[in-house]
Amino acid sequence: VAKFGFDLRLDRFEVVRYEPEHRVAYYRAEEVPCPDGKPDLEFRLKASFDPEVGVKHLLPGGDSFRIKTLAPEYGTEGKEMKNPAALLEVRIDGDWIESPLLFAHQPGKNSVRVGDRGALVFEKRNQETKADVSNVTVVDGGKDAATARVLVNDPFTYKGWTFYQAECNPNDPTFSGLQAVRDPGVNWVFLGFFLICVGVAWMFYVDNRMKKAPAPAARPESHR
Amino acid sequence: MIYILAEHPWFVAASAAYAAALGVYAATWRSTKALVARLATAAMCAALALNAALIVGRWIEADRAPFKSLFESLVFFSFCIGAVYLVMERLYRTRVFGPIAALMAFACLGYAVSKWDAEIVKLPPALQSGWFVPHVVVYFVGYGAMAFATGVAVLQLLAGRYDFFARLVRVKAGTALSGSIDIEEVTYDAIKFGFVLLTIGLLVGSVWAKSAWGDFWVWDPKENWSLVTWLVYGAYLHLRRVKGWRGDRAAWLAIAGFAVVMFTYLGMGMLPTAEASAHVYTG
């Protein structure tokens, strides 16, 4: 087992969500195959819309909706308990229907049905991950030497070791799976890739042998 | 499907322009008038401009490159087919391949409508990279070249069987010029060009995988199938060069290569391993 020669401490794992915090989501009940053969109905997220008043959105199937009014801090409760509310206008089969006031934080009062199988839900955005971030600290020689944020597509390198965000549990800030790679020759590999690209283009467009292959009639022998 | 078209006039306009291009290009198979030929090219240019507008519009609306979902990629693919074709039309100075290219681009947009997503899905962490756009663009231009090569190979097979098509190739239909084109050479050229792009796309993807996950290759089904694609076209180039493959069997191999491309592009959802793939996005 290779030794790093230093320690890496996970300070906190966090999931960063896309802004804004709330959304209007369109769910649709779809048949999912069951092991026992009888298909099951499952609500699946089909579309997600940023809440913007007045913008008309087309839903799969031809219905549409727009937000008539939006109250980001509806109600009398304190700021910490803010309960955003939205009023939707939904067009089902050509008729505009006004929804009841939907409350993002009150399950059962946050959705309106669209047709037989669809539903619009005003809710907190709990999917649509923007980034999985591991906040880490390098402990080298007994003291904190560096801190970093490790993201997918943005690894962190320290003393020849590169750490990649590999595994995570969105609900557990104390856990993160990082992949550690020590790859001192990586630039030679990249150089090789580059040479392959240049070489392939070279053999077709610069080197005459592949530029225009002679017609078979002009060749004395096409099979050896 | 009609409701989508009713709500998206620009999409209808782009599709209609491809349909018009298809019609006028088909007319060049019959007519020798320069006006018809020019009209065909003009219709194709208009279709491409509208198609580009769809892509740019979506790019602005989504605030990211519109290559995330199948629908978005289909819109881009139809653009690539049209663009590659127009370059080839200038290069070989013939419009004989026009109807096939216009038909493919039109079919691609038509399929996009059936896969329409009203949503604009936000980019997951894996796709937030500078490699995203070059990787996709290089691949789709390469796919566009392979689609063109396949269209030419089909025409080659038809020309070998029906006099009508043989004559089209012989007289360089749709031009004032006469003089036969070496239709084999056109397929070969397009596949060479596509192969360079497939190579670059594969390696760019590999560099991206390395920078995102630490591995050059993660045995993702799409990766494996893009390697299969690369090997099939590699075999085509090799057999043509070393074994002197020409005629029908070379054309059939080119068509088989594109069938693998289409499976790599559209068929991943059928694989049992699709769930674990980084390349399969159902939204």
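This talk goes through a predicted model with chains A and B, starting with the sheets and ending with the interface.

A word on conventions. Residues are numbered from 1 along each chain as its sequence is written, and chains are lettered from A and ligands numbered from 1 in the order in which they are written. Since the model is predicted, local features need pLDDT of at least 70 and side-chain atom pairs count only at pLDDT 80 or more, while totals for chains, interfaces and linings use all residues; side-chain values use heavy atoms, with hydrogens and water left out.

I start with chain A. Two strands pair if DSSP finds at least two bridges between them.

One open sheet has three strands in the order β1-β11-β12 of chain A, with antiparallel pairing. Its edge strands are β1 (7–17) and β12 (143–151) of chain A, and each of them pairs on one side only. On average, neighbouring strands of this sheet are turned by 15° against each other, direction ignored. For angles in general, axes are lines fitted to C-alpha atoms, for helices over the stretch in contact, and angles run from 0 to 180 degrees between N-to-C directions. Between β1(A) and β11(A), residues 129–140, there are ten bridges. R12(A) stands opposite N135(A) in β11(A).

P20(A) sits in the loop between β1 and β2 of chain A, and the peptide bond from E19(A) to P20(A) is cis, with omega near -15°.

β4(A), residues 57–58, and β5(A), residues 64–71, run antiparallel and are joined by two bridges. They form a hairpin with five residues between them, and G61(A) in the turn has a positive phi of about 105°. L58(A) has S64(A) of β5(A) opposite. On to the next pairing: β5(A) is antiparallel to β6(A), residues 85–92, over seven bridges. There F65(A) has V90(A) in β6(A) as its bridge partner.

The other open sheet I want to show also has three strands, in the order β13-β14-β15 of chain A, and the pairing is antiparallel. Which strands stand at the edges? They are β13 (156–158) and β15 (177–182) of chain A; each has a single partner strand, so one side of each is left without a neighbour in the sheet. Here neighbouring strands are turned by 30° against each other on average, direction ignored. Chain B comes in at this point: helix α8(B), residues 183–213, packs on the sheet and touches β14 and β15 of chain A, its direction making about 90° with that of β14(A). Contact means heavy atoms within 4.5 Å.

Now chain B. Two packed helices are described by the angle between their axes and the distance between the axes. For α3(B) and α4(B) the angle is about 150° and the axes are 10 Å apart. The crossing is left-handed, meaning that the near helix is turned anticlockwise from the far one by less than a right angle, whereas clockwise would be right-handed. In the loop between α3 (34–62) and α4 of chain B lies D63(B). D63(B) has a positive phi of about 60° although it is not a glycine.

Helix α2(B), residues 9–28, and α4(B), residues 70–92, have axes that come within 13 Å and cross at roughly 35°. This crossing is left-handed as well. Residues making the contact include F11(B), Y18(B) and Y25(B) of α2(B) and F71(B) and V75(B) of α4(B).

Last, the interface. How many residues does each chain put into the contact? Chain A gives 49 residues and chain B gives 43. The buried area, that is, the accessible area (1.4 Å probe) lost on putting two parts together, summed over both, is about 3,700 Å² between chain A and chain B, and carbon and sulfur atoms give 57% of that.

A salt bridge is a side-chain nitrogen of Lys or Arg within 4 Å of a carboxyl oxygen of Asp or Glu. D50(A) and K122(B) meet in a salt bridge at 3.1 Å, N to O. Within chain A, E30(A) and R44(A) form one, with the closest N and O atoms 3.6 Å apart. E30(A) lies in β2(A), residues 22–32, and R44(A) in β3(A), residues 40–49, so the pair ties together parts that are 14 residues apart in sequence.

Technical notes: Helix = DSSP H or I, 4+ residues; strand = E, 2+ residues; numbered from the N terminus.
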